[in-house]
Amino acid sequence: MARGETSLRISAIVMLVLTACLVAFDTQTKVIILNLEKKATYKDMKALQMLVYVTSAAAAYNLLQLCKHTTVSCTEKIKKGSSNNIYMAWICFLLDQVAVYVTFGTNCAALEGSMLAVTGSEALQWLKVCNKFTRFCDQIGAAVLCGYAASILMALISTISAYKLMRMYSPQRFLTLKIR
């Protein structure tokens, strides 16, 4: 299971970094009228800014968890069933859950903002931006897709974390640790 979790964390880190890089380095400049240029960047939409920040933080968190797993597996000094072990398992489980939900929510917000850029809104008098900045919109779409893939990978990591946590409890007695 440790190899599976390690490979899932590495895959999630790659997808999160890819998402952040696709969004952060995506710019496109178009000449609107004569010498008037308009530049589209991720800073034009707050949802895309938050996507860069959240995916970067989630990648850093997964990297820290990966380092923790490799150092714990190398030393193996933590006794199974100790009180510190159960607290660490709960903290890891809760942080994994927070990372999944925040990343998924940020991806949904970025998708919603991107859909407004694609379709526009006549009621709010917003134009279809993607008619003019097609490469920018395509790259943002790919980034959102990578973000959803990273969310799915992190959800799988969270299920492994929950499984590790619940294995510490006795199946016969409610909320009591196993005696080893």
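**Exercise 1. Find which residues line the largest cavity, and work out which helices supply them.**

Step 1. In this predicted model, the largest cavity is lined by R9, Y61, N62, D96, A99, V100, M154 and I157. A cavity is, on a 1 Å grid over the protein atoms alone, a set of points where a 1.4 Å probe fits but cannot get out, and a lining residue has an atom within 4 Å of a point.

Step 2. About 40 Å³ of space lies in this largest cavity, where a volume is the space filled by probe spheres set on the points, with grid points joined across faces, edges and corners. The structure holds one cavity of 30 Å³ or more.

Step 3. Helices α2 (46–75), α3 and α4 each supply at least two residues of the lining of the largest cavity, and α3 gives the most, with three residues. Helices (H or I, at least four residues) and strands (E, at least two) are DSSP runs, numbered from the N terminus.

Step 4. By kind, the lining of the largest cavity divides into five nonpolar residues, one polar and two charged. Here Ala, Val, Leu, Ile, Met, Phe, Trp, Tyr, Cys and Pro count as nonpolar, Asp, Glu, Lys and Arg as charged, and the others, Gly among them, as polar.

**Exercise 2. Decide whether N62 is buried or exposed, and list its contacts.**

Step 1. N62 lies in helix α2 and is one of the residues that line the largest cavity.

Step 2. N62 counts as buried because its relative accessibility is 2%; buried means under 20% relative accessible area, exposed over 50%, and partly exposed in between (1.4 Å probe, protein chains only).

Step 3. When its neighbours within four places in sequence are left aside, N62 is in contact (heavy atoms within 4.5 Å) with R9, A12, I13, L16, M154 and I157.

**Exercise 3. Describe how strands β1 and β2 are joined.**

Step 1. From the N terminus on, the elements of the chain run α-β-β-α-α-α.

Step 2. Strand β1 (residues 28–33) and strand β2 (residues 36–40) run antiparallel and are joined by five bridges; two strands pair if DSSP finds at least two bridges between them.

Step 3. The bridge partner of I33 in β2 is L36. Two residues lie between the strands of this hairpin, in which L34 takes a positive phi near 45°.

**Exercise 4. Describe the lining of the second largest pocket.**

Step 4. The lining of the second largest pocket divides into 19 nonpolar, four polar and four charged residues.

**Notes on the numbers.** Residues are numbered from 1 along each chain as its sequence is written, and side-chain values use heavy atoms, with hydrogens and water left out. As the model is predicted, local features need pLDDT of at least 70 and side-chain atom pairs count only at pLDDT 80 or more, whereas totals for chains, interfaces and linings use all residues.

Definitions and conventions: On a 1 Å grid over the protein atoms alone, a cavity is a set of points where a 1.4 Å probe fits but cannot get out, and a pocket is an open set with protein on both sides within 12 Å along at least five of seven lines; lining residues have an atom within 4 Å of a point.
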